[in-house]
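This report covers salt bridges and the parts of the chain that they link. The sequence and structure come first.

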Amino acid sequence: MKSTATTVLAALSLATVGAGVATADVIPNLGSAEGFAVLGFEQVDMTISSGNTIVTGDVGYGVDGTLDFSGGGLITGRLFHHLGQSTTYNLSGGSSVSDGIFAMDMVNPVLDARNASAVAAGKSADQVVASLGAGDLINAAGAVTTIDVTGDLSISSGTLTINVADDQLVILNISGDMRLSGGSLIDIVGGGSAANVLYNILGSGDRVEFNGDSTVNGTVLAADRNITIAGGVVNGAILGAGFGEFKLQSGPEVNYVALVPAPSTISLACGVGLLAARRRRASCRIDGRRTPGRRPRVRRPSNRWPSN
């Protein structure tokens, strides 16, 4: 733990502030990956275990991925697997999915999320720091604040604070590890929320790991890292683990919060990627029938535990 707090203050030019949210190319857009609380990328080995695990929102995994969902956990939204690969998931031990299991083309959501990561990584940094940890403070300045972290974001039994308004976006491009333990907290102040922060974990390296009843607020995008969430709470979304392991264990809670700004013209449709100008209904296959696709929705956890 650092003895003194480090304040990270990023200053944007007036031109950037003016363009800000109105300019699409400065905002990483999740596209058809929007709406997933948990999204594993291609060839992911995903495990959701422990009866206390609750994912409030939709869960999906990419082409040639697998899912083992055991221990009596709950997904309050829907589960999506790739078309023609229905045998790649296993539900056991009373685990349940409230809104059904669907097949869809999972290529586009993964590509859109990877593209969002690349856009975020390609943005010019307003500030470059060696690391972030307990006691540090990040102050957003302007519409979009981009901070490159050349080392780790690592917190053990402490708090990292992000001061951001509800009409701002903070992007952390992290080259090192992202680890929280010992009841650590990433706290959002200043009127913003988990919707206003993106953690973009770059390249391959050690796994992203949260444990010890830690709390993270924001969207975590770790395209090519293994991910382990062991207990605690994530308010936002977790996406990534391409060609790797994605584990939710020891009873974590993941509550979907959309990354903003999220254009109202974007919808999640089976087999359809980003729709730029209009909404369109799609169709999925569930239990051998064709049924209209629905836009992602989030429901509060309830006592309804349907059978599989």
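## Basis

R114 has 21% relative accessibility, so R114 counts as partly exposed. Buried means under 20% relative accessible area, exposed over 50%, and partly exposed in between (1.4 Å probe, protein chains only).

This is a predicted model: local features need pLDDT of at least 70, side-chain atom pairs count only at pLDDT 80 or more, and totals for chains, interfaces and linings use all residues. Residues are numbered from 1 along each chain as its sequence is written, and side-chain values use heavy atoms, with hydrogens and water left out.

## Salt bridges

Searching the whole structure gives eight salt bridges. The term means a side-chain nitrogen of Lys or Arg within 4 Å of a carboxyl oxygen of Asp or Glu.

Helices (H or I, at least four residues) and strands (E, at least two) are DSSP runs, numbered from the N terminus. D224 is partly exposed, at 33% relative accessibility.

## The network

D177, R179, E209 and R225 form a network of salt bridges. D177 pairs with R225 (4.0 Å, N to O). D177 lies in the loop between β17 (169-174) and β18 (178-181), R225 in the loop between β22 and β23, 48 residues apart. Both D177 and R225 are buried.

R179 meets E209 (2.7 Å, N to O). Strand β18 holds R179, and strand β21 (residues 208-210) holds E209, 30 residues apart. R179 is partly exposed at 27%; E209 is partly exposed at 22%.
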